[in-house]
Structures are given as structure tokens and as C-alpha cells.
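Me: I am new to this structure and would like a close look at one part, the helices and the loops around them. Please begin with a loop residue and then work through the helices in one connected account.

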Amino acid sequence: MSDHYIAIFGGAVSGSEAAFQFTQKGIRVAVFDQNPLPYGKIEDGLPKWHVKLRDKEEEKINEKLSHPLVQFIPNIQLGHNVDFQEVVNEWGFSAVLLANGAWRDRPLPIDGVDEFEGKGLYYQNPFIYWYNHYHEPNFSGQHFDTPDGAVIIGGGLASLDVAKVLMFENVQRALKAKGYDVDLFTLDRSIAKVLEELNLTLEDLGVKGCTLYYRRRAMDMPLSSNPTDTPEQIAKAQIINEKIFTNYQSKYLFNFEPLHAPVDKIVENGRLAGIVFRRTEMKDGRLKDVPGSEYEVRAPLVISSIGSLPSPIPGVPMDGTIYEITEQTCCRVKGFNTVFALGNAVTGRGNIIESARHGRQVSQAIIGQMEQDREDEIKEGFRKREGVVAGQVNQILDFLPEPLTPEAMKSVNQRISQLQQAAGYTGSFKEWVEKQLPVRLEDMIGVKH
């Protein structure tokens, strides 16, 4: 067994894979997570209709973090509960890895619009978190409304998830009012088919549907993980992107307005009442504004889904919106010999497919097939990210300092034990997971999975 000790902040796909790689080399690991459970966006960002995928991926994390050389410390957020500089300079770890993901929404680029968050404006990350958990009997988080006719600003799989949530919520309500109790998982297969079987339309239900506004075209959405390094590859990816989007829209019946850029806000009675859009156009492969094309779109709700960023941590240098790194291969954080960034903390994107693209660039992973189901795309993204992390760990080993002395090892263990006790963590990862796992919707309504 090695006398090194590694701290990893974030226990989801990247963090658990890094822990696995270190433990296979006999190195102790402390995995800190900001939540009670270490599942990250698998639990809180992957919409709850992905039951089998969620359970399978969380079990993979459980297996990796149950290793005897792993200590798990829940409910610890770097920069809030513990100080970054203290962890790096005083705690005695051989290295510190930042695998805390991308949880901060990219701001909607309209001056002053954030003043209306919660007053006509929502951001995607907290909205999906609410959707994944609001069915739980003990849920006490922020409530989100889902009025019909909402506007989504985005483009990409995360914004399509938001569109699905809004359509599910509104169609379920309207069907229930007519005496039909249709569960989420049935609607997930296809809203269009459900309505066809009931001989109903959205118009019959009085549902207008939400509208997704995107500054580019459907073919330009980053929906496929296929490479886009040559004109031929770009053309092929565009065909796949359009097919994926058309399939989504035909199944879930949301509205779509391409070539629209948000430029201003509409405010009435202290609330965001809509957005001013400017039309755009593609000319010679470049996106351009159409001068004088601005017009108002009024809506009861606007949801921004234009990307996710890593949250700033006091003391960690930033390069714009992501952590600043020096060595690209192992992603060492600038100014620190033994601090490294992993996964979405490097890419600056919360979207799983974008992380997969980063994985392809770094590790030259195998190219995906031409057309894949969304869950296949997500799983491919997870596996690629794991491959990238495994390569990073091998590089990080070269930067480790001298092994810890017995006194330093004892000091680290004492700090970890104190934090675990404060969180009520008993030391058994399996028991902790069983105790903390939330109530699943599919179990509540008796859906087989």
C-alpha cells in the first residue's frame, strides 16, 4: 500500500473513476461531495425518466467508492464548508483533484435579466433538480411553476429535456382534467402516441405547448457525438442532428423557432413578461444578425438553458469561465503543483455529450455510431469521460510529492473523521447510500423497471 493520500472533490463519473484508478494502485483516497450522495448530475441533472440508466450508473459509482482505500465525506462543498487554500497547503494531501462538475448556469446575455430569476425567469440546472425530486414526500426545496406557453432559450440536449418536462407537466394536467391518469413514463415513450390512442390532440386539451428558441438551426444543435473536424464530417453530423431533433419534436410536440437570438427583456409589474428576439441567418457558413428584425415574444415563463459552468472556488484561478490549467494532458491547475481538474471542471460544460466531445479530443476515443438513442449517447459520454480520467491519473502520478509521514497520515485521517462525524456519516458507504437514497417516482406509482 502507498503512503500517498489523494483528495477528490466530487464523487460522480469523473471523481469515482479517479478514485478507482488510484485505489487500483494502492493509494488512499478521500472523496468529498457537496451532496449526501455522490451521484452528481446522474441524480440531479439526468431527468428522472432515465430510470435504468440512472440506476446502472449509480451502481458503478457505488462499486468504485466502496473500496476499502476510499473514505467518503458527504455534504462538503469546497470553498464553503472547507477552504481551498487550507486543504492544499495545510491538510497534507499528496494531491487535490477538482471533479466538482459544472452546476452554475451560463448567464442569459441580457443586461439586468437576472434580477427576475424566480419572477418569470428560471435557469435549467435548478429547474431540473426540482423536477427530479419534487415528488419526494419530504422534498422541501424551491418550487417551480410550469405554465403552458413557456419560452425556452437554448439549443442542445439539456434544452430538449426542459421542453420535455414542460410538455409532460402540461399534458398530464390537461389529461387528468379530462379523467385520464397517464404517468410520466408512458408519456416519455411518446406524447403523440398517447394522444393518438386517446383520439385527442393538444388543441383538444387546450395546450399550446412550450417553444424552444435557438440562435442557430436544428441541424447546428450539438446533439450528435460524431466528429466535426472536416467539412464532410460536419455535413454528416448536421444530418444526424436534424434527425434527432425531428424525432424529439414529433414525439413530444413542443414548438421550435430557429434563428432567434435574445437581445432584451420585457418587464411588467416587477416580473419578466417576455423576451425581445432578433432574427439571425446563416450566410456562407457564418451566423449573422438580421438588423431591424427585433420583435417581442410574451410568455408566462422563460427558462434559460444555454450551458453550464463550474462554480468559482475562492483561490482557484479562472480562465474566463473555467478553471485555468497549465499541462493539458493531466489538467494541472495553474499555480499549483499538486492540484488538478477533471471532467466538466475542465470543459466548462455540464452537457454530457459535450464532455464526451472533450474526451474524444483528449483521448482519441472511438467514434460513436451514426445514429444512437439518447441513453446510448449518454453512456458513451460517461465511458469516454472515464477513459480521459484514467489517462489523467497516470499523468498525475508523476507529480506526486514524497509519501506522507506517519504523523501526516494520522493528521489527515483525523480531519476526515471529524468531518464525517459532523455529517453523521457512520463509515459504511453501503449503509449510508441505503439510508440517503431518495424515494423513486417509479416505486411510488408502481411502474416496473
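Reply: Asp 284 sits in the loop between β11 (271-283) and β12 (286-289), in what is a predicted model. Although Asp 284 is not a glycine, its phi is positive, at about 55 degrees. Asp 284 counts as exposed because its relative accessible area is 80%, and the cut-off for that word is over 50%.

A positive phi in a residue other than glycine is also found at Asn 75, where the value is near 60 degrees. Asn 75 belongs to the loop between β3 and α4 (84-89), and because its relative accessibility is 30%, it counts as partly exposed. One of the residues that touch Asn 75 is Pro 36, whose contacts, with residues up to four places away in sequence left out, are Phe 72, Pro 74, Asn 75, Trp 432 and Gln 436. Pro 36 itself is placed in the loop between β2 and α2 (41-44), and with a relative accessible area of 31% it is partly exposed. Between Pro 36 and Pro 74 there are 38 residues of separation in sequence, but the C-alpha atoms are 5.0 Å apart in space.

The spacing along the chain can be read with a general rule in mind: an α-helix has 3.6 residues a turn, so residues three or four places apart point the same way.

Helix α14 has 18 residues, which at 1.5 Å a residue should span 26 Å, and because its end C-alpha atoms are 26 Å apart, the two values agree. Which residues of α14 are buried? They are Met 409, Val 412, Ile 416, Leu 419 and Gln 420. When α14 is viewed down its axis, these buried residues fall within an arc of 100 degrees, so they line one face of the helix. The face turned away from them carries the exposed residues Pro 406, Glu 407, Lys 410, Gln 418, Gln 421 and Ala 422. Among the elements that cover the buried residues of α14 are β1 (5-9), β2 (28-32) and β3. After α14 comes Gly 424, with a positive phi near 80 degrees.

Helix α3, covering residues 51-65, consists of 15 residues and reaches 21 Å from its first C-alpha to its last, close to the 21 Å expected at 1.5 Å a residue. Its buried residues are Val 51, Leu 53, Arg 54, Glu 57, Glu 58, Ile 61, Asn 62, Lys 64 and Leu 65. As a general point, two packed helices are described by the angle between their axes and the distance between the axes. For α3 and helix α1 (residues 13-23), the angle is about 35 degrees and the axes are 9 Å apart. This contact brings together Val 13, Ser 16, Glu 17, Ala 19 and Phe 20 of α1 with Ile 61, Lys 64 and Leu 65 of α3. Sorted by class, the contact of α1 with α3 holds five nonpolar residues, one polar residue and two charged residues. The way α1 passes α3 is a left-handed crossing.

Two buried residues in other helices complete the account. Val 165 is part of helix α6 (residues 157-177), and because its relative accessibility is 0%, it counts as buried. With neighbours within four places in sequence set aside, Val 165 makes contact with Trp 49, Phe 127, Ile 128 and Tyr 131. Val 165 and Cys 210 are separated by 45 residues in sequence and by 9.9 Å in space, C-alpha to C-alpha. His 133 lies in helix α5 (residues 124-133) and counts as buried because its relative accessibility is 5%.

Methods: Residues are numbered from 1 along each chain as its sequence is written. This is a predicted model: local features need pLDDT of at least 70, side-chain atom pairs count only at pLDDT 80 or more; totals for chains, interfaces and linings use all residues. Side-chain values use heavy atoms; hydrogens and water are left out. Helices (H or I, at least four residues) and strands (E, at least two) are DSSP runs, numbered from the N terminus. The expected span of a helix is 1.5 Å times one less than its number of residues. Buried means under 20% relative accessible area, exposed over 50%, partly exposed in between (1.4 Å probe, protein chains only). Axes are lines fitted to C-alpha atoms, for helices over the stretch in contact, and angles run from 0 to 180 degrees between N-to-C directions. A crossing is left-handed if the near helix is turned anticlockwise from the far one by less than a right angle, and right-handed if clockwise. Contact means heavy atoms within 4.5 Å. Ala, Val, Leu, Ile, Met, Phe, Trp, Tyr, Cys and Pro count as nonpolar, Asp, Glu, Lys and Arg as charged, and the others, Gly among them, as polar. The arc is that of the directions from the helix axis to the C-beta atoms.
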